[in-house]
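Curious how the words used for a fold follow from its geometry? Let's take the terms one at a time, with the model open beside us.

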Amino acid sequence: MRRIKTEEIKNKIIDALTKANFYLVPEFHEFLKYALTEETSETGRQVLKDLLENAEIAEKERLPLCQDTGMVNVYIELGQEVFLEGKLLTDVITEAVREVYTQNYLRPSVVNDPLRRLNTKDNTPPIVHFEVVPGDKVKILLVPKGGGSEQMCQVAMLAPHQGMEGVKELVISSVKRAGPNPCPPVIVGIGIGGNFDYVAYLAKKAILRPWGTRNTDPFYANLELELLKEINALGLGPGGLGGKFYAIDVRIETYPTHIAQLPVAVAFNCNSFRLAKIEI
Ligand code: SF4
């Protein structure tokens, strides 16, 4: 059994989450540069230039990448051989979020109740997901996720007979409905299978897959590439203002499902892609 102090995890979260608010995910940044060399639409090129300049200013002047500082989504892989010592892990994560957002004057973007809507003033609480995995490590992904892209995500409970065509139709109609709202270029995450709640988790988790990897099943890897082509063929482009690069990638995650169900979820990230990774 490996002992890890939750205070140690908190300190690492503070460091990583602070940086995530000021620095674009490096691979995403590189892709924007590449897209600028390939984009043929003049408006699309201007949007990409603006995004690159924005990232440069944020980094140099330590300004948030976007005014929408997001609600912090946390994905934890907890090794089964880890013994956590100290305060409750979820409590130290909340404390870390509070510290990062108040000390860096990042916009508090969370309300305490969905209908009465009082701002919590410190961007807490975060949304935390746990998975227990083999081993003696703790891996944490922290994603400050903007409201614009989150608001465009969709879950649909398709009937099994709708099959592949139903999935494709849902993805394309979700993209058309989303248009400029998720602040493209985006990564489209797709969950297929599981049940109503798990499919949304799959779609959002898919977005976080390591850069440059495809679904390990060639059937779904091909579907990712096919959908990427179809989405970009709509011509929505950067900013949704026309061009070749609306989606940077399509990533699919699947899970077994019930014989009577075909759950599908479509999730979007946005051009302010912020992601912090911690491994202890
Ligand atoms: S969706 Fe992303 S880029 Fe758009 S306003 Fe929100 S955080 Fe900013």
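The crossing of α2 and α3 is left-handed. Please keep in mind that this is a predicted model.

Q: Why is α2 called roughly antiparallel to α3?
A: Helix α2 (residues 26-38) and helix α3 (residues 42-61) pack at an angle of about 150°. Angles over 145 degrees count as roughly antiparallel, so α2 is roughly antiparallel to α3. Their axes are 9 Å apart.

Q: Which residues of α2 and α3 meet?
A: On the α2 side they are H29, L32, K33, A35 and L36, and on the α3 side R45, L48, K49, L51, L52 and A55. Residues count as in contact if their C-beta atoms, placed from the backbone, lie within 7 Å. By class, this contact of α2 with α3 has seven nonpolar, one polar and three charged residues.

Q: What is known about the packing of α1 and α4?
A: Helix α1 (residues 6-22) and helix α4 (residues 89-103) pack at an angle of about 35°, and 9 Å lies between their axes. The crossing of α1 and α4 is right-handed.

Q: What makes up the contact between α1 and α4?
A: T6, E7, I9, K10, I13, I14, L17 and T18 in α1 meet a set in α4 made of L89, V92, I93, E95, A96, V97, E99 and V100. The classes in this contact of α1 with α4 are 10 nonpolar, two polar and four charged.

Q: How is the chain divided into domains?
A: There is domain 1 (2-21 + 65-145) and there is domain 2 (148-272). The centres of domain 1 and domain 2, taken over C-alpha atoms, are separated by 26 Å.

Q: How many residues of domain 1 and domain 2 are in contact?
A: Eight residues of domain 1 are in contact with seven of domain 2. Strand β5 (residues 138-145) gives the most to the domain 1 side, with three residues. That side of domain 1 divides into five nonpolar, one polar and two charged residues.

Q: What are the residues around the ligand?
A: They are C66, D68, G70, G146, G147, G148, S149, P182, C183, C270, N271 and S272. The shell around the ligand draws at least three residues from each of domain 1 and domain 2.

Q: How many residues of each class are in the shell around the ligand?
A: Four are nonpolar, seven are polar and one is charged. Gly counts as polar and Cys as nonpolar here.

Definitions and conventions
Residues numbered from 1 in each chain as written. Predicted model: local features only at pLDDT ≥ 70, side-chain atom pairs only at ≥ 80, totals over all residues. Near = placed C-beta within 6 Å. Domains from an automatic or database assignment. Axes fitted to C-alpha atoms, helices over the stretch in contact; angles between N-to-C directions. Helix = DSSP H or I, 4+ residues; strand = E, 2+ residues; numbered from the N terminus. Left-handed = near helix turned anticlockwise from the far one by under 90°. Contact = placed C-beta atoms within 7 Å. Parallel < 35°, antiparallel > 145°, perpendicular 65-115°, else oblique.
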